[in-house]
Protein chains: 2
Amino acid sequence: MSQNCRFAFAVHVLAVLAKRPDEACSSPWLAQTVNTNPVVIRRLLLDLAHAGFVRTERGPHGGARLRLSPERILLGNVLSSLEGTTLFGMHPRRPLSSCPVGCRIETVLDEVHDRARKALEKELNQITLADVLDRCQKA
Amino acid sequence: MSQNCRFAFAVHVLAVLAKRPDEACSSPWLAQTVNTNPVVIRRLLLDLAHAGFVRTERGPHGGARLRLSPERILLGNVLSSLEGTTLFGMHPRRPLSSCPVGCRIETVLDEVHDRARKALEKELNQITLADVLDRCQKA
DNA sequence: GATTATGTAATACTCCTTGTTACATTAATG
DNA sequence: CATTAATGTAACAAGGAGTATTACATAATC
């Protein structure tokens, strides 16, 4: 799925929000705990808001809040809410089409990728945000 | 797993080798059908040979041959034989350790990653190289 | 209206991955 | 035994995906 860290950031942000149910967290504040830039957080929150996990508010005292209880947030759904996350890369350059394998391998690999992704999300849906919070406590 | 295309290359190469059981295939030849550089293929074959999927021979008429029948080559095992393939990236910069979540999230995410990876390999092990060849025929 | 936040576009930068060159090593063959 | 053709491997170049940054328009609160 890429050396893409959006999923890690998403789980982190959601966990922090779950710990602060009474106040909206601003993107600059969240960016500090994750150690990244506020804009990166905002782009992430857009995906998470679109999927219904969080709500964002503008203006003073604005920021992001969790919309669902941690028990109802499944990591597989979090993953699928994020754009631009593929499991494995395909041929960067088109394979030789005269090769009986090469001319079909991309299609076959797409099917394999779909299957893998579904299995992955199914497994990650066994883990809730509440589970993540538990694990964070038990240091 | 990275925009890493090693898995795609590996499946392609193994499929080509399966189609030519009687002759060893050289890395320049394989590189052509995959459309990459011979050295990339050789590095890949090292991993595949180490896992016992192929055998390589030096000298004239050398190259790579399949050691196992396509039915016995499971894609999950192929994936795990490749080095440098992670499912998702972690925080590129260390999260704030004073954050109760941040100081533990990396460990928790590692556990999640392990679990995800095992589930993925299990699913991919339902697919054999013979299945891939079948799908390539049915154009 | 001033302040503080998000939304978003455009751009810069970094690092991973792939690709390439080069050469030592090994094996077959005439 | 020299020649040829292949792998093994190191070192380096190039490319691109992804992250970070800057800037500014928009919105909401006081």
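Let's start with one helix. H3(B) gives the most to the lining of the largest pocket, with 3 residues. A quick word of caution: this is a predicted model.

So how much space lies in the largest pocket? About 280 Å³. Lining that pocket are 13 residues. Closest to its centre are Ser27(B), Arg42(B), Leu45(B), Thr56(B) and Glu57(B). In chain B, the elements giving two or more residues to the lining are helix H2 (27–34), helix H3 (38–50), strand S1 (54–57) and strand S2 (63–66). By class, the lining has 5 nonpolar, 5 polar and 3 charged residues.

Next, the DNA. Look at strand C. How many residues surround DNA strand C? The count is 29. The closest come from both chains: Ser27(A) and Arg58(A), then Cys5(B), Thr36(B) and Arg58(B). Take the atoms of DNA strand C that come within 4 Å of the protein: sugar and phosphate account for 63% of them.

The side chain of Arg42(A) has an N or O atom 2.8 Å from a base oxygen of DNA strand C.

Which elements give two or more residues to the surface near DNA strand C? From chain A, helix H2 (27–34), helix H3 (38–50) and strand S1 (54–57). From chain B, helix H1 (6–19) and H3. H3(A) gives the largest share, 4 residues. By class, that surface divides into 11 nonpolar, 10 polar and 8 charged residues.

Last stop: the two protein chains. Here 52 residues of chain B are in contact with 52 residues of chain A. About 4500 Å² is buried between the chains, and carbon and sulfur atoms give 67% of that area. Which three residues supply more than any other three of the area that chain B buries against chain A? Val101(B), Arg104(B) and Arg115(B), with 12%.

That's the tour. Over to you.

Key:
Residues numbered from 1 in each chain as written. Chains lettered and ligands numbered in written order. Predicted model: local features only at pLDDT ≥ 70, side-chain atom pairs only at ≥ 80, totals over all residues. Heavy atoms only, no water. 1 Å grid on protein atoms, 1.4 Å probe; cavity = no way out; pocket = protein on both sides within 12 Å on 5 of 7 lines; lining within 4 Å. Points joined across faces, edges and corners; volume = space filled by probe spheres on them. Nonpolar A, V, L, I, M, F, W, Y, C, P; charged D, E, K, R; others polar. Near = heavy atom within 4 Å. Polar contact = N/O pair within 3.5 Å; in protein donor to acceptor, adjacent residues only side chain to side chain. Contact = heavy atoms within 4.5 Å. Buried area = accessible area lost by both parts, 1.4 Å probe.
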